[in-house]
Amino acid sequence: MFGQLSESQAQLRAKARALAEGRFADRAAEIDRSEAYPHDNVEALRAAGFMGMTIPTAYGGPGRSLFDAVLVIEEIARQCGVTARIVVEANMGALGAILAYGNEEQRRRAADAVLAGDKPAICITEPEAGSAATAMTTTAVRTGGRYLLNGRKHWITGGGISRLHLIFARVVEGGEDRGIGGFIAYRGEDQGLVTGAREPAMGLRGLPETEVLFQDLELGEERLLRPEGGLRHGFAALMRAYNAQRVGAATVALGIAAGAFDRALAYAQERRQFGRPIAEFQGLQWMLADMDTGLSAARALVHKAAVRAGDGFPDAREAAQAKILAAETAVKVTNEALQIHGAAGYSRNLPLERMLRDARMFTIGGGTAQMLRNQVAGTLLGRKLPQGMAAETHRDTPASGKAAAE
Ligand SMILES: CC(C)(COP(=O)(O)OP(=O)(O)OC[C@H]1O[C@@H](n2cnc3c(N)ncnc32)[C@H](O)[C@@H]1OP(=O)(O)O)[C@@H](O)C(=O)NCCC(=O)NCCSC(=O)CCS(=O)O
Ligand SMILES: Cc1cc2nc3c(=O)[nH]c(=O)nc-3n(C[C@H](O)[C@H](O)[C@H](O)COP(=O)(O)OP(=O)(O)OC[C@H]3O[C@@H](n4cnc5c(N)ncnc54)[C@H](O)[C@@H]3O)c2cc1C
């Protein structure tokens, strides 16, 4: 980390560490085994003030910064990746977009939901629109003062658990495509918001990813977020907010890997072969040195992106770089930590194999490492890098290219 933490930040981190090393460490294996959402951990997060810690005081939160949240998330991820991902979504993603672009009522409701323990869901990905997210076909057709949403998202984290949903949908008004907008819906209250099948995921199993279907989901216009710039720039604005969640995801990857590294470092000094601790073998010493170097570099990029965001959103390139490095380092470090444990690491009696499985998602979810490299390259070259055939992109403008002025 750069420089010193303030006293308040040091206390915050110590509080997160104590909770993580106690209660969350004890529960992590059972959450993985049962694949059940850890409502008890969420209650502990809520009681500790970690659900909605970035919510401004005007809306009942403590108004903490993104960097403060990052400090908490790394500590929790060292012990339990699932619980750390809950903290990400309870402070960034959908919540961040609503707090930035929402009106008074939208902010207040979202803040109340999260402070009461709801982990919001962000609904972007569709079966035919993953990396090419702007190719989404979920529509929100305006009729009168209301919108009718139809479409299908998949891989939605928290499907069937989250109440608050932020839905990215193509807005159609007067028969014309106006761009991509963000709609707020509440599961259990809004008819037509339907939870579909759950994915049998490799890791982070206590947090379900499901299909989410919109079947004539009718929402009033007060449920549409209205960032400055209007719908034609709706997708860009929503993604600007989403950059914070990329930093959050990077932090979870970093924390899982740091937890695995701590265990490998300790084990290498305890385990003896050939009459000496295995840490005395240079082959392992260099592995440990490389693991620590990778973690330090990843932490530096995560902290840089978070600190420079201040109370706003991180820079897109900095968020992408932090996530690329943290995610790829996490896969490498958790794998090597398992290797250092030998067969014991391969056993489900220790958390190493779980940590490797948990780390694996971060080069995929939240924008793949390849798409994030495209983003970085685009800013380095100072131009758009359209990925479509014949430079045709799936933009958040009408397919006809005739974006109606708002
Ligand atoms: C952005 C992409 C979907 C590529 O699509 P396009 O090539 O059609 O779009 P672009 O022209 O690149 O972008 C359109 C518009 O948006 C602006 N933009 C794009 N990304 C960002 C960003 N990160 N920050 C700020 N602004 C952004 C871009 O500048 C354009 O603006 P203008 O029209 O020029 O004003 C693709 O690159 C992409 O990001 N794919 C990944 C999709 C993704 O991340 N999905 C995440 C789903 S949620 C999830 O996985 C949760 C898991 S978790 O968080 O752990
Ligand atoms: C655990 C988990 C949780 C998730 N949670 C959510 C969520 O809560 N909400 C949500 O909306 N989505 C969520 N997702 C979906 C996630 O955002 C997508 O999986 C991701 O954006 C990639 O889309 P895809 O899986 O369709 O892969 P595809 O886009 O089909 O990509 C397949 C491969 O092709 C590569 N590729 C594609 N296009 C290019 C290109 N132009 N250049 C180079 N390589 C390319 C990709 O990098 C990848 O390796 C989650 C995914 C996972 C795994």
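**Entry 1. Helix 4 and helix 7**

I began with a pair of helices and noted that helix 4 passes helix 7 in a right-handed crossing. The model I am reading is a predicted one. Helix 4 covers residues 81-89, and its axis comes within 9 Å of the axis of helix 7. I recorded a crossing angle of roughly 160 degrees for these two axes. Angles over 145 degrees count as roughly antiparallel, and helix 4 and helix 7 are therefore roughly antiparallel to each other.

I then looked up which residues meet. On the side of helix 4 I listed Gly81, Ala84, Arg85, Val88 and Glu89. On the side of helix 7 they meet Gln245, Gly248, Ala249, Val252 and Ile256. Sorted by class, this contact holds 5 nonpolar, 3 polar and 2 charged residues.

**Entry 2. Helix 7 and helix 9**

I next followed helix 7, which runs over residues 234-270, to its packing with helix 9, residues 316-340. Their axes lie 8 Å apart, at an angle of about 25 degrees. The cut-off for roughly parallel is under 35 degrees, so helix 7 and helix 9 are roughly parallel to each other. I noted a left-handed crossing where helix 7 passes helix 9. The residues of this contact divide into 21 nonpolar, 2 polar and 2 charged.

**Entry 3. Domains of the chain**

I turned to the domain assignment, which gives domain 1 as 7-116, domain 2 as 121-228 and domain 3 as 235-381. I looked up the separation of domain 1 and domain 3 and found their C-alpha centres 20 Å apart. To the contact between them, domain 1 gives 25 residues and domain 3 gives 33 residues.

**Entry 4. Features listed in UniProt**

I consulted the UniProt record for named features. An unreviewed entry there places "domain: Acyl-CoA dehydrogenase/oxidase N-terminal" at residues 6-117. In the model I found that span to be 71% helix and 0% strand. The C-alpha atoms at the ends of residues 6-117 lie 28 Å apart.

The unreviewed entry also lists "domain: Acyl-CoA oxidase/dehydrogenase middle" for residues 121-216. I found residues 121-216 to be 0% helix and 57% strand. For this span, I noted 19 Å between the end C-alpha atoms.

**Entry 5. Summary**

I close with the two pairs that involve helix 7: helix 4 and helix 7 are roughly antiparallel, whereas helix 7 and helix 9 are roughly parallel. The crossing of helix 4 with helix 7 is right-handed, and that of helix 7 with helix 9 is left-handed.

Definitions and conventions. Residues are numbered from 1 along each chain as its sequence is written. Chains are lettered from A and ligands numbered from 1 in the order in which they are written. This is a predicted model: local features need pLDDT of at least 70, side-chain atom pairs count only at pLDDT 80 or more; totals for chains, interfaces and linings use all residues. Side-chain values use heavy atoms; hydrogens and water are left out. UniProt positions are given in the numbering used here, feature names are shortened, and annotations may be inferred rather than shown by experiment. Helices (H or I, at least four residues) and strands (E, at least two) are DSSP runs, numbered from the N terminus. Axes are lines fitted to C-alpha atoms, for helices over the stretch in contact, and angles run from 0 to 180 degrees between N-to-C directions. Angles under 35 degrees count as roughly parallel, over 145 as roughly antiparallel, 65 to 115 as roughly perpendicular and the rest as oblique. A crossing is left-handed if the near helix is turned anticlockwise from the far one by less than a right angle, and right-handed if clockwise. Ala, Val, Leu, Ile, Met, Phe, Trp, Tyr, Cys and Pro count as nonpolar, Asp, Glu, Lys and Arg as charged, and the others, Gly among them, as polar. Domain bounds come from an automatic or database domain assignment. Contact means heavy atoms within 4.5 Å.
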